[in-house]
Amino acid sequence: MSPHRSCPMVSTPDNTGGTADRIVAIAATLFAEHGYHGLSMRALAAAVGLNVATIHYHISSKQELYRMVFRRLAEREHAVIAAHTRHVSDDDIAHPVTFLRRLYALVDALVDLTIEQPETPRLWLRRWLEQDESPAAIEAEVSLPLYDMALNLLERAQAAGTIRSSGVDLRMMLTGFIWILYGYFAGSPLDASGVRVDPMHPEQIAAFKRFLHAYTARMLGLPEEHGEP
């Protein structure tokens, strides 16, 4: 993380609970609601309960604040993905059922993390909609390392012959997974009559996890396991 003007606490990791952290947390919600261009620093200052000068004392610029929001989200995503990919052994990968269970655990953890960070889907959807204008290179900094951890695991399984789908584009499969995950929470599912239902309802979450399990298994040509997630 790059240094910030006039405020050592922002550029050090022991700033938990400080003013800068509160600014970033509130900014995440407001950027998710209004997008990068729809949120003014004056509106942010009012929401935080500070004046604009104090905001700029802690955060060097609006662009840097935007990056900090995405970095903060990526830190937790990195921890979750790393916990479910780093210790998958070659023996785990060699057994399709064991490997699939590992993938199911990762899928469920990512759903649970999105529930804990409900601003994430809308932040990214707004980011994608205004990507030609809002600060560049965020994807390269925060998204690609996450994709690469998951992609590395899938490529190991593909090289071992565990992934049997011929011609599957693993990166596109991962991209599709993220679109489905964020679209579900940002848009909400529809019932049979076309009415939007609560995506956070436990029954809906269980059904969504089962769907993602099926998506993962079928895209990769792995033997599906049925049952409650």
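This is a predicted model: local features need pLDDT of at least 70, side-chain atom pairs count only at pLDDT 80 or more; totals for chains, interfaces and linings use all residues.
Q: How many residues in the lining of the largest pocket are nonpolar, polar or charged?
A: The lining splits into 26 nonpolar, six polar and three charged residues. Nonpolar covers Ala, Val, Leu, Ile, Met, Phe, Trp, Tyr, Cys and Pro; charged covers Asp, Glu, Lys and Arg; the others, Gly among them, are polar. A pocket is an open set of 1 Å grid points where a 1.4 Å probe fits, with protein on both sides within 12 Å along at least five of seven lines, and lining residues have an atom within 4 Å of a point.

Q: Which residues lie nearest the pocket's centre?
A: Ile81, Leu146, Tyr147, Leu174 and Ile178, out of 35 lining residues.

Q: Which helices supply at least two lining residues each?
A: α4, α6, α7, α8, α9 and α10. The chain has ten helices and zero strands (DSSP runs: H or I of at least four residues, E of at least two).

Q: What about the largest nonpolar core?
A: That core has 68 residues, with Phe31, Leu44, Leu65, Phe99 and Leu154 making the most contacts inside it. Core members are buried (under 20% relative accessible area, 1.4 Å probe) and joined through side-chain atoms within 4.5 Å. Helices giving two or more residues include α1 (19-38) and α2 (41-48).

Q: What does Leu65 touch?
A: Ile23, Val24, Ala27, Phe31, Met41, Leu44 and Ile59, leaving out residues up to four places away in sequence; contact means heavy atoms within 4.5 Å.

Technical notes
Residues are numbered from 1 along each chain as its sequence is written. Side-chain values use heavy atoms; hydrogens and water are left out. Buried means under 20% relative accessible area, exposed over 50%, partly exposed in between (1.4 Å probe, protein chains only).
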